[in-house]
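Here is a short briefing for a reader meeting this structure for the first time. Please look over the sequence and the model before reading on.

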Amino acid sequence: MAVTEQRDVFLRAKQRTFGGLTEDAEGQWRGPFCFIQAADPQLGLMKAWREGDSDGGGDEWAEEVELTKQAVEAVNRLQPRPRFMVLCGDLVHAMPDTPFRDEQERDLKEVLKGTDPSIPLVFVSGNHDLGNTPTPKTVEQYCNQWGDDYFSFWVGGVLCLVLNSQLFFDASACPQLMEAQETWLEQQLRRASSPSEHKPKHVLVFQHIPLYLKSPDEDDDYFNLEREVRQQLMDKFKRAGVKAVFSGHYHRNAGGRHDGLDMVVSSAVGCQLGEDTHGLRAVVVTEGEVVHRYYSLEQLRTQGMDQDLKKLLQG
């Protein structure tokens with residue numbers, strides 16, 4: 001099979017069907033709904049960070065397991081039920097092919113099995129899931145464990161795009177994979193902005209590394225994308241009418257809004273690097289806007305979403 005034929009097959013395979021979240025079933029707007037964004041459970045980081053060895057895989061992760069259990073419990077208690085929960089990368093701390101990786105993935109999967117079956121789980125790849133410089137091998141390993149590293153799905157008339165942001169950060173060891181994602185993304189954005197039977201009410205993007213932390217013109221940093229790449233993506237997203245980009249990676253809450261594009265940076269379920277609490281972000285999608293709020297795990301578990309967000313869900 002020729003390379004171009006391989007790529008065509010690859011591109012066609014990049015639409016997921018989470019719990020029936022297909023374009024045919026979910027391509028039409030049916031009213032407000034909510035979903036949950038989580039980021040960086042990163043099993044193994046908390047002890048490693050305390051010991052000043054954040055590059056190590058971490059030989060203990062009971063704290064992160066307990067926090068993830070609390071997150072699952074909080075999400076299961078929400079009424080109305082979230083349409084899905086997305087985990088925006090760094091599922092575990094151990095890098096590919098390092099000690100503790102398999103055990104951390106096993107334990108995370110075991111905890112996530114407790115999620116109510118009516119709430120599909122959406123996984124986003126992070127730098128610890130793929131390596132800071134991903135390779136075809138590490139991407140394949142991730143896909144075998146968690147599913148495609150980029151894909152689209154529909155929910156309630158909203159088009160959701162999950163991206164592999166590590167390919168934007170450093171694709172030097174896998175340029176063909178970067179090219180394939182770029183081609184696919186152009187295709188998705190072009191379709192989203194074109195008249196069609198299923199014109200999306202909103203377009204949302206999920207990725208691990210933020211475009212920026214506070215300002216689109218900020219300096220390049222470990223926690224954001226390089227300025228030229230950032231601007232190219234923002235231009236593409238704005239032309240296609242993308243409403244918001246949701247990310248993690250920073251282990252603190254941050255973000256901003258620029259020309260109608262919301263950059264949402266959520267802090268971690270696991271290790272905190274700032275003053276935020278272990279938490280989750282509740283997102284309410286209405287016909288005209290996307291409203292989001294970060295909650296501590298305890299607050300969301302015991303009190304649920306605030307009344308003003310619940311009112312938005314009543315239409």
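The notes below go from the overall build to single residues and then to confidence.

This is a predicted model, in which local features need pLDDT of at least 70, side-chain atom pairs count only at pLDDT 80 or more, and totals for chains, interfaces and linings use all residues. Residues are numbered from 1 along each chain as its sequence is written, and side-chain values use heavy atoms, with hydrogens and water left out.

**Overall build**

- The protein has 12 helices and 11 strands. These are DSSP runs numbered from the N terminus: helices are H or I with at least four residues, strands E with at least two.
- The radius of gyration is 18 Å, close to the 20 Å that the globule rule gives for 315 residues, so the protein is as compact as a globular protein of that length. The radius is taken over C-alpha atoms, and the rule is 2.2 Å times the number of residues to the power 0.38.
- The C-alpha trace spans about 55 × 55 × 40 Å along its principal axes.

**Burial, contacts and surface**

- Of the 315 residues, 56% are buried. Buried means under 20% relative accessible area, exposed over 50%, and partly exposed in between (1.4 Å probe, protein chains only).
- Among contacts with a separation of 6 or more, 68% join residues 24 or more positions apart. A contact means heavy atoms within 4.5 Å.
- The accessible surface comes to about 13400 Å², and 47% of that belongs to carbon and sulfur atoms. Areas come from the Shrake-Rupley method with a 1.4 Å probe; for residues, only the protein chains shown count as cover.

**Backbone exceptions**

- Most residues other than glycine have a negative phi, and most peptide bonds are trans.
- The peptide bond from Gln-79 to Pro-80 is cis, with omega near -5°. Pro-80 sits in the loop between helix H4 (62-77) and strand E2 (85-88).
- Asp-40 is not a glycine, yet its phi is positive, about 50°. Its loop runs between strand E1 (33-38) and helix H3 (45-50). Asp-40 is buried, at 0% relative accessibility.
- Phe-100, also not a glycine, has a positive phi of about 80°. It lies in the loop between E2 and helix H5 (101-112). Phe-100 is partly exposed, with a relative accessible area of 31%.

**Confidence**

- The mean pLDDT is 92, and 93% of residues reach 70 or more. pLDDT is the predictor's confidence in each residue, from 0 to 100.
- Residues 1-13 have pLDDT below 50; this stretch has 10 contacts in the model beyond near neighbours in sequence.
- Where pLDDT is low, the predicted coordinates should not be read in detail.
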